[in-house]
Each structure stands twice: as C-alpha cells, then as structure tokens.
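Q: Could we go through this model together, starting with its helices and strands?

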Amino acid sequence: MKHIVNVVSENEWLKEYKDRADMNKFVSDCLCDGVEVIRGGEDTTGIYCKENVVGVHLYFYPNWIDFWNGDTEMLEKHFGNREVWEGYYRAKNREEFLIPYREDMEYAEKMGAEYVVFHVNDVSNEEIFTYDWEHTNEQVIRGAAEVVNELTKGKNYHFKLLFENLFTPGMTLINPKETELMLSLTDYENKGLLMDTGHLMCAAQNIVDEEQGIDFVLNTAKNHGELAGYFKALHLHKSTSGNVVSELKKKTIIPKEDFYDRFAQSYAMILDIDQHRPFESSRSQEILELIEPEYVIHEVTAKNREEKLKNVLTQMKALGRI
C-alpha cells in the first residue's frame, strides 16, 4: 500500500519548492512514497520525474457532456454563445476536445505513472445553485465511457485507468449497478475504481460529522460486494457538509451574467461543499482495512506547503502512522 500526496505541475504552484530534492524532502516529510500530479499549466522546473510520480490526475471539465453530444441548445443555455464555449473547451469538435486528455495520458506514460485518474461526472454552474440536475447518472456514465474508449483505442498504456466518483451526475458510487455499468462499458482492460471518500460523503448530502461519514463510506464499500475488488485507490479526506447543502437548497441564488463570473460563483460554493479536510478519527483506519487499496492519496486542501504538510500529518496520525 503506497501513501501519496497530491501536487500540481505548474510554475507558480511550485514556487515554494526549490528543486526536485526539495520536493522529495516534502514527500518524505509527509511520510509518503510519491506524488499524484495534476498538470495545471506550464512547468519548466523539472521537479517531477519517474522517481517521484506514482499517479497522474487527468485533465477534466466540470461540464462537458453537452459539448460531447453536440447539444447546442444546452450549450447556449449555459455559455450564451459559441465563441464562449469554444474558448472554454479550446475546441470546436470532439477530437480537439480530447487533446488535453491525450497529452496527460502521454505525460503519465512518459513519467512511468502506475495509474491515472478520470473524473466521471458532469455539472454546469447553474446546477450547483439549485441541485436540480439536468442529466442522469447513466447519461454521464455512457458519455464518459465513450470518451475513455476513444482515448485508449489502439493504445498500449502501462498504467491502470481508475474511475473517480463525484457527487454530481455521473458515477457517485451510491448505486453499485451504475458503478458496474461504468466498468462494463469501458474497453480498456487495466481499469479500476478510485473511491474519493470526501466526494462520497458529499453525495449523501446529509453527512454532518466524521463518524457518520466513515460509517457511510464503509457501508458503500460493503454494498459493492464483489465490485469492491475494483477499488484500487482512495482519495482520502472528509467533507461533513450536510448542513451546507441543506441551507443551499433553501436559498434562491441569482447567477452572475457573465459565464466566467458564474464559474467563479459556483466554484466558491463547491469549495464549501467539497471540503477536502483531513480525517482525525482513528476509525478512518477501518476504511483502509476494509478496502485494502494499492494507493492512498492524501488529497487534503491547503493554502501553502506548510499547511499541506500539517494536514497530511494530521491524517497520518489518525491512520496510526505517527
């Protein structure tokens, strides 16, 4: 079982790290074995290499299914006009849409990553304001499978492809039949699941304390029966935001007029819901004991390097590793 810390590949984000040795020291200080990288822009540092990269989180768009399906009516509803959505996706068609995904997968192969992570969800800015979903889980799952099959067709990648659950339409892990559907529709053989414990708590919409959240995570894994064998990794963190969601549903939120202003508006709300806080209860050890993942990624939020280290070590203490 490898313990991993999530990081960003981007010059500005990396300014707190002097060089590769300094990053490796940070990983060691976190009591981790390596990093899970998400590429966020230009990275000229040379900090990441085959020796420290264990996983790669693939590029993702929060809302993409309408573009993939060519649904211009829905695109106009959420973006306003073609110029805005083509600018957002940096694409005019499906093949151009897939480019950043392909680049990330090639990066993962180059780095010798053992796994990559693919988000299975879709949500527009406006849906977060109301929790009134426009697409079913099955619609998003089928679209995600199409994307993955296009990306992996004819390829011989060496990494595991792991599907991550979220709390908006897609693969939420609430219904094991939907989890099974995602796996069955995907042609790539070396596939599995990454359970994001915080996203799972958010999907319940009523988790208000850590103990309740741990129980929900454990019951979800048990409910998956034999499918639980596909859980190869955990994004380990907690979100006890049931009260936040409850209050959100009572409010009438007026969306900003400009698309990118709405994006910032909805993103701020998502951060209130999807908290990415470290586990503090020793009962979090039960999650690892039940699932027995190959990878435990400490995906805890932090404003800086110092806070990241503190939060990872808080979770390590809960796991009994300190």
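**Helices on the barrel**

A: Helix α8 lies across β5 and β6 and runs at about 145° to β6. Helix α9 (residues 197-204) also packs on the sheet, where it touches β5, β6 and β7, and its direction makes about 65° with that of β6. Axes are lines fitted to C-alpha atoms, for helices over the stretch in contact, and angles run from 0 to 180 degrees between N-to-C directions. Helices (H or I, at least four residues) and strands (E, at least two) are DSSP runs, numbered from the N terminus.

Q: What should I know about the model itself?

A: This is a predicted model, in which local features need pLDDT of at least 70 and side-chain atom pairs count only at pLDDT 80 or more, while totals for chains, interfaces and linings use all residues. Residues are numbered from 1 along each chain as its sequence is written, and side-chain values use heavy atoms, with hydrogens and water left out.

Q: Which residues of α8 are buried, and what covers them?

A: In α8 (residues 176-185), the buried residues are E178, T179, L181, M182 and L183; buried means under 20% relative accessible area, exposed over 50%, and partly exposed in between (1.4 Å probe, protein chains only). Their cover includes α7 (137-152), β5 (160-164) and β6 (191-196), where contact means heavy atoms within 4.5 Å.

Q: What caps the N-terminal end of α8?

A: N175 does, through a side-chain oxygen that lies 2.9 Å from the backbone nitrogen of K177. A polar contact is a pair of N or O atoms within 3.5 Å; within protein, one must be able to donate a hydrogen and the other to accept it, and residues adjacent in sequence count only if both atoms are side-chain atoms.

Q: How many strands are in the closed barrel?

A: Eight, in the order β1-β2-β3-β4-β5-β6-β7-β8, with parallel pairing. From one strand to the next, the twist averages 30°. Two strands pair if DSSP finds at least two bridges between them. The parallel strands β6 and β7 (residues 231-235) are joined by four bridges, and L193 has F231 in β7 as its bridge partner.

Q: Changing topic: how do α1 and α14 pack?

A: Helix α1 (residues 20-29) and helix α14 (residues 305-318) pack at an angle of about 30°, with their axes 10 Å apart. The two are therefore roughly parallel to each other, as angles under 35 degrees count as roughly parallel, over 145 as roughly antiparallel, 65 to 115 as roughly perpendicular and the rest as oblique. D22, F26 and D29 of α1 make the contact with R305, K308, L309 and L313 of α14.
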